[in-house]
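Have the sequence and the 3D view open as you read.

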Amino acid sequence: MKFFVDTAEIGAIAELNDLGMVDGVTTNPSLIKKSGRDIIEVTKEICDLVDGPVSAEVTATDADTMIAEGRKLVEIAENIAVKVPLTWDGLKACKTLTDDGHMVNVTLCFSANQALLAAKAGATFISPFIGRLDDINLDGMELIEDIRTIYDNYGFETQILAASIRSVNHVLDSARIGADVITAPPAVIKAMVNHPLTDKGLDAFLADIKAAEIKIL
Ligand code: G3P
């Protein structure tokens with residue numbers, strides 16, 4: 001399973017990247033706003049840091065402008081994936097940009113039928129939003145399962161990029177189902193290390209190290 005980091009914060013990306021945890025990065029207009037940076041500048045910095053795909057989202061809603069924006073975004077670096085919304089115009093832009101040979105991430109996916117259309121339009125990645133479905137009492141994980149089944153039934157190569165991940169259980173469930181990629185905020189990825197029995201066991205070992213004055217260096 002690939003790990004993408006869902007942030008435009010350079011420091012957080014660098015920390016995880018140094019540990020080999022970063023297979024790519026996803027950004028969106030809200031994350032760019034949060035960073036307080038210029039989209040082109042910060043995206044270039046991220047692309048310089050990370051080898052894998054870096055998603056940068058278009059701002060337009062009509063296909064022609066999305067395509068023009070996408071063509072500008074891909075000039076930033078070779079590893080840009082143009083992010084387009086799951087609308088009819090977004091699918092048109094997806095088809096044109098993938099035909100041009102660019103990676104496209106189709107975002108704001110909330111149904112399996114939408115995911116099917118994105119795969120037909122040649123999307124490199126489909127981004128189903130788990131957390132936002134859970135927020136309205138629907139089942140985000142059920143959507144990941146449905147898309148996995150449908151893509152496997154027909155051999156679609158579009159990668160399932162589980163997005164809007166809010167908890168470590170979202171990561172675990174996505175891995176169980178077989179999502180190709182998860183994109184999660186740095187805090188969620190870092191929280192995966194936590195286990196109370198690890199803390200308890202370490203406390204006991206530290207007490208014995210002190211009691212027995214065990215030294216290595
Ligand atoms: O990158 C898009 C997605 O991950 C957003 O997550 O938490 O704003 O629903 P969230």
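## The largest pocket

Let's begin with the largest pocket, which holds about 260 Å³ of space. A pocket here is an open set of points on a 1 Å grid over the protein atoms alone, where a 1.4 Å probe fits and protein lies on both sides within 12 Å along at least five of seven lines. Its volume is the space filled by probe spheres set on the points, with grid points joined across faces, edges and corners.

The lining consists of 15 residues, and those nearest the centre of the largest pocket are Asp-6, Asn-28, Arg-132, Ser-164 and Arg-166. To count as lining, a residue needs an atom within 4 Å of a point. Sorted by class, the lining has 5 nonpolar, 6 polar and 4 charged residues. In this scheme Ala, Val, Leu, Ile, Met, Phe, Trp, Tyr, Cys and Pro are nonpolar, Asp, Glu, Lys and Arg are charged, and the others, Gly among them, are polar.

## About the model

Please keep in mind that this is a predicted model, in which local features need pLDDT of at least 70 and side-chain atom pairs count only at pLDDT 80 or more, while totals for chains, interfaces and linings use all residues. Residues are numbered from 1 along each chain as its sequence is written, and side-chain values use heavy atoms, with hydrogens and water left out.

## The chain as a whole

The chain's secondary structure comes to 11 helices and 8 strands. Helices (H or I, at least four residues) and strands (E, at least two) are DSSP runs, numbered from the N terminus. Taken along the principal axes, the C-alpha atoms fill a box of roughly 70 × 40 × 30 Å.

Of the chain's 217 residues, 45% count as buried. Buried means under 20% relative accessible area, exposed means over 50%, and partly exposed lies in between (1.4 Å probe, protein chains only). Looking at contacts (heavy atoms within 4.5 Å) between residues at least 6 apart in sequence, 57% join residues at least 24 apart.

## Aromatic pairs

The structure holds 4 aromatic pairs. Rings of Phe, Tyr and Trp (its six-membered ring) pair if their centres lie within 6.5 Å; planes under 30 degrees apart are stacked, over 60 edge-to-face, and the rest tilted. One of the pairs is Phe-4 with Phe-125, edge-to-face at 5.6 Å centre to centre and 75° between the planes. Phe-4 sits in strand E1 (residues 2-6) and Phe-125 in strand E6 (residues 125-128), so this pair ties together parts that are 121 residues apart in sequence. Both Phe-4 and Phe-125 are buried.

Tyr-151 and Phe-156 have ring centres 5.7 Å apart and planes at 65°, so this pair is edge-to-face. Tyr-151 is buried at 0% relative accessibility, whereas Phe-156 is partly exposed at 22%. Ring pairs also bring in Tyr-154, linking Tyr-151, Tyr-154 and Phe-156 into a cluster.

Which residues of helix H4 are buried? In H4 (residues 63-73) they are Ala-63, Met-66, Ile-67, Gly-70 and Leu-73. They cover an arc of only 120° around the axis, which puts them on the same side of H4; the arc is that of the directions from the helix axis to the C-beta atoms.

These buried residues pack against helix H3 (39-49), strand E3 (54-57), strand E4 (80-85) and helix H5 (88-99). On the face turned away from the buried side, H4 carries the exposed residues Asp-64 and Lys-72.

## Residues worth a click

Most residues other than glycine have a negative phi. Leu-108, in strand E5 (residues 103-109), has a positive phi near 60° and is partly exposed at 33% relative accessibility. Glu-213 has a positive phi of about 50°, lies in the segment after helix H11 (196-211) and is exposed at 64% relative accessibility.

Finally, find Ile-130 in helix H7 (residues 130-135), buried with a relative accessible area of 0%. Ile-130 and His-170 are 40 residues apart in sequence, and their C-alpha atoms are 7.8 Å apart in space. Leaving aside neighbours within four places in sequence, the contacts of Ile-130 include Gly-140, Met-141, Ser-164 and His-170.
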